[in-house]
Amino acid sequence: MAARKRRVKLYVLDDHGEWADQGTGFAECRPVEDDTDPSIVVSGEEGERRLLTSKVASEDIYAKQAETLIVWNDGENGEGGVDYALSFQETQGCQEIWDEIMDYQVTARQNSTSDLMGKPEYVEQIVLNLPPANLAHLDEIVNLFQTVIVEDVKGKLADLIRENNYIEKLVDLWQMVEYLESAPDFRKMYYIFRELVLLNDPKIIEALVSLPTSKVLMSALEHDPDIVPGQFKHTEFLEHQVQFREVIPFNDVPLVDKIHCVYRLQYLKDVALAKVLDEATNATLASLIFVNNIQVVTRLVSKTKWISLLFDLMKSPEVSAQKLEDALKLLAELTSLSLNLEAKNKVIFYDLLEKNGLFEVCAKTIGREGPDSDQIRLTSMELLVRTVENDSSSLRKYLLSQRHTDYHFLSLLVKRSHAETNTAVLNLLSDVFTNLIGGELYVESVPDDLLQAWTLFYDRFAADFFSPLFAEVPPRLKFSDAESLIRLNLIQSLITFILTHGHRSRVFLLEDHRLLKLMQLLNGRDKFIHLGAVRVIRAVLTINNRFYLNALIEEDIFGPVVAVFVKNGSKYNLLNSAILEMFTFLGSLRFIHPVLKYFLEKYGDEVCKIESAKTIISELRAHYDSVEKRRPNNSFVKDEARYNPFDHQSFCFQVEVVSPFGSESHCQGRLPRASSRRESRGSLVQ
């Protein structure tokens, strides 16, 4: 049966370009006679003569066609080679021969690359001998380690050290040097252990940071001749100053040893040898830290009982502030390390946290008040941000399920975004809202849970959340650092929502004259708050929606902006640049709206008082005049080119006249029907 699978018909391409049948037989891929490399061999059906022997080439000369055909050109047979084709009776037989050919080619190419990049000839000739590890040969050991600089020789030396258990012998040598307290010998031992690390061998490095060798390593590295003796006391720091606290006992000795190993690797990389590590060794240490961290997190994820005890502690009403803070820091560290887990294991990890009440713990700790609670709130917010960044839908589903508690958690987040004084917590709160409620530009569909979150937010929380932006601001008011950061974060969230939430954010902004109230921020003294308010108007212009544009005219939104611009004068700052760019953008609107005429007639002359704006106003007027000549009364002018609100080129338009819309329908706010779905999306009319 096996032979039947590889039954083939052999063809050869003749001089006339026709495939000539050479007979039927059985194909193999095996070495022939004394050759170690495989050949494609086709033997006759009745054990008769061999029909083909073609040595497998390492080049890409083979082609597999129609699942049962292998074709190639054998260049060794005469000038131009001979074209062969094997037509298999069974698909499986064809696949087996093909796999054997591919396996050989992969191996051959790897060997070829290894030969090209192989060890230089002089490396093979080098004979390394490890001196006896005693005081009499201390100089010889130092010279050997310091003269090995070629990578291949380093590898050879590392192999020799491992095979002879040389590290254990060097530890014994260190004890002799330490007993004699000889300063020159201490320096020599520093060079020896430093060079051991710089050999860049992972197994040697792991052996050095394991107990008890790590104590000797750190003691030796304290005797760097380039620093003042006693300046760095690595051993004392690691043994007495560093404290390892188990919030919940692990009861797992290998796990604890692994955690200590990771810490020593990190200390070696960032402190003990930070100034002497080369790029390759630094990368090896980082890789070892990464792998060990993954092993720690994976082992902890499997300890479901331990996870449950940790959450029970955080939920307990009797837990102390210090214990709660330690538990949160531990959990935040685990979530940070979990970023490197495989996708499947990451899902398991976060599912485990959510089942044990992750969001309940965050709600409890984020709302905590008191002098000892700042760090607790910060750690809790870091934990929440990492969770939301990993999967925002999990928190949305949790919030939407809180109908019976009047959406307590979302209400708490809104309140903290106003009452918080810790700037780090405020920034994290902004990240949570952006990931939780924000959207993406130009998406064709929005997940159901996100749509429900938008509806809940605008129905219940948006007015309260953005209220600091619409509050009255007395003239020349100076906001505190926390008040400024609150408003800047809210402005950034509002811009994101304007660009992604469509009609929901538009209805919210246009009702109760909120867009006009936002301009009160320009009354204060903080230029960066002024800039934020200008960015909101710029986002509104980007949407290019007629309801927005009509509001800009009816509520005279440009009045406060022009006043700030004129007051700023010719100062070349970010506020000046942002306002000039916004004025320029008025000429790039897809539809030439009355907002351009309104702006030029009411504020054109005043803006021209500033030297930097004269050219812009002049070009705006010229553009508007040229457009007016091209259209009849009561019509809009449409840009034929594809519209991109984020990449406009001022006044470079091709225009055409489109059907006018009656004044009555325009006043009622009815929009023209888009000619295609693409046009509707491009104009962002929602």
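This is a predicted model: local features need pLDDT of at least 70, side-chain atom pairs count only at pLDDT 80 or more; totals for chains, interfaces and linings use all residues.
Strand β1, residues 7-13, runs antiparallel to strand β7, residues 82-88, and five bridges join the two. Next I traced the whole sheet, which is open and has seven strands. I wrote down the order as β4-β3-β2-β1-β7-β6-β5, with antiparallel pairing. Where does the sheet have its edge strands? I found them at β4 (50-55) and β5 (62-65), each of which pairs on one side only.

**The nonpolar cores**

My next stop was the largest nonpolar core, which holds 130 residues. Which of its residues touch the most other members? They are L384, F409, F466 and F599. I checked which element gives this core its largest share, and it is helix α26 (residues 527-543), with ten residues. Apart from this core I found another one of 48 residues, including F145, L170, M189 and L277.

Leaving aside residues up to four places away in sequence, F599 touches F558, V562, F583, L586, G604, V607, I617 and L620.

**Helix α16 and the cysteines**

Is helix α16 (residues 358-366) mostly covered or mostly open? I found it mostly covered, with seven of its nine residues buried. I listed them as L358, F359, V361, C362, A363, T365 and I366. What do these buried residues pack against? My list reads α13 (304-315), α14, α15 (343-355), α17 (374-390), α18 (392-400) and α19 (408-419).

C362 made me look at cysteines. C362 has 0% relative accessibility, so I count it as buried. C94 also comes out at 0% relative accessibility and therefore counts as buried. I looked for disulfides too, and the count came to zero.

**A buried glutamate**

Last, I turned to helix α14 (residues 321-337), where E325 lies. Is E325 buried or exposed? E325 counts as buried because its relative accessibility is 13%, and the cut-off for buried is under 20%. I then asked what E325 touches, not counting residues up to four places away in sequence, and noted Q375 and I376.

Terms used
Residues are numbered from 1 along each chain as its sequence is written. Side-chain values use heavy atoms; hydrogens and water are left out. Two strands pair if DSSP finds at least two bridges between them. Helices (H or I, at least four residues) and strands (E, at least two) are DSSP runs, numbered from the N terminus. A nonpolar core is a set of buried Ala, Val, Leu, Ile, Met, Phe, Trp, Tyr and Cys residues joined through side-chain atoms within 4.5 Å. Buried means under 20% relative accessible area, exposed over 50%, partly exposed in between (1.4 Å probe, protein chains only). Contact means heavy atoms within 4.5 Å. A disulfide is a pair of cysteine sulfur atoms within 2.5 Å.
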